[in-house]
Amino acid sequence: MNIKRVSACLLFVALLVAGQGTAFGRTRTRHHHHRRHKQQAAPTPPTPSPVATVAADLGLTTKKPESAPWSIVALLTLLTFLPALLLCVTPFARLLVIFHFLRQALGTQTAPTNQVLIGLALVLTFFVMQPVVADVQKVAIDPLENGNITTMQAIDRGSTPVRNFMLRYTREKDLALFVEMSHTARPRGPQDLPMRVVAPAYMISELKTGFQIGAVLFLPFLVIDMVVASVTTSIGMLQLPPVVISTPLKILLFVMVDGWNLLVGSLLKSFY
């Protein structure tokens, strides 16, 4: 439901309330002056109510009023899939996996918190997807608002920039897997693949990339853990857990090399 239709519905409800209030006022006035104007009153032909006139002009009337509740149910159902769409067609999953690997490598169980990591992943996702959103706005949303194309045409046009973005970071092996599992005809090129094939292939490609980067992040911190454990064992400090010493050293190393700048910069450069 677009903005124009929402505004039309609100205007329709406002006129409905105003019409009911006017009708109630006219009823009280006729009751109060019934005896005075009984003989002078003349029958007038029925006129259509302003609510019905506005509804007809706005196209809100329908032959099947029972379809409106089902439209609302369908819209609310689609809204529940927005988080899944965010995970399936954006690099949000890759970024979040990498940040969780980094927190495990540092040895800090709750710092940064999950809310901070999710917020950082969302901001970076918006930054990466901004060119794609601009293309969708240009080829689909603007023509739809101007009335040049229909809703289905806008959906078809808007999916093209998103598909092109996903195909750039999807492995051919993953695409071949879902093409085989979907029993579809072999396409002439990646651009002919449907979204039901591209989206899951892109998802598992992003997960693999996130795990690869997370494993690389683990290596320098793993070396620090091994060195600290060897030193504490060799000098006989068996009662002292190595993590007590290694965790501050890892945090100090990460801060000294400006780890957040290096990590975020490397992640963003991988998309450009």
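F99, F221, F254 and W260 form one aromatic cluster. Here, rings of Phe, Tyr and Trp (its six-membered ring) count as a pair if their centres lie within 6.5 Å; planes under 30 degrees apart are stacked, those over 60 are edge-to-face, and the rest are tilted. The model is predicted, so local features need pLDDT of at least 70 and side-chain atom pairs count only at pLDDT 80 or more, while totals for chains, interfaces and linings use all residues. Residues are numbered from 1 along each chain as its sequence is written, and side-chain values use heavy atoms, with hydrogens and water left out.

By the pairing rule, there are eight aromatic pairs. One of them joins F101 and F211 edge-to-face, at 5.1 Å centre to centre and 75° between the planes. This pair links distant parts of the chain: F101 belongs to helix α5 (residues 92-106) and F211 to helix α9 (residues 195-234), 110 residues apart. Helices are DSSP runs of H or I with at least four residues, numbered from the N terminus. F211 is partly exposed, with a relative accessible area of 47%. Buried means under 20% relative accessible area, exposed over 50%, and partly exposed in between (1.4 Å probe, protein chains only). F101 also pairs edge-to-face with F218, at 6.1 Å centre to centre and 85° between the planes. F101 lies in α5 and F218 in α9, so this pair ties together parts 117 residues apart in sequence. F218 is partly exposed, at 28%.

Helix α6 (residues 114-145) is not straight. Its 32 residues would span 46 Å in a straight helix at 1.5 Å a residue, but the end C-alpha atoms are only 38 Å apart. The expected span is 1.5 Å times one less than the number of residues. A kink of about 50° lies at M129, shortly before the proline P131. This bend is the angle between axes fitted to the seven residues ending there and the seven starting there. Buried residues of α6 include L117, L124, M129 and V136. The buried residues of α6 pack against α4 (82-89), α5, α7 (151-168) and α11 (259-269). Contact means heavy atoms within 4.5 Å. After α6 comes G147, with a positive phi near 80°.

The largest nonpolar core has 39 residues, and F99, L102, F165, M166 and L263 have the most contacts inside it. Such a core is a set of buried Ala, Val, Leu, Ile, Met, Phe, Trp, Tyr and Cys residues joined through side-chain atoms within 4.5 Å. Two or more residues come from each of α5, α6, α7, α8 (172-182), α9 and α11. Not counting residues up to four places away in sequence, M166 touches C88, V89, M195, V198, A199 and Y202.
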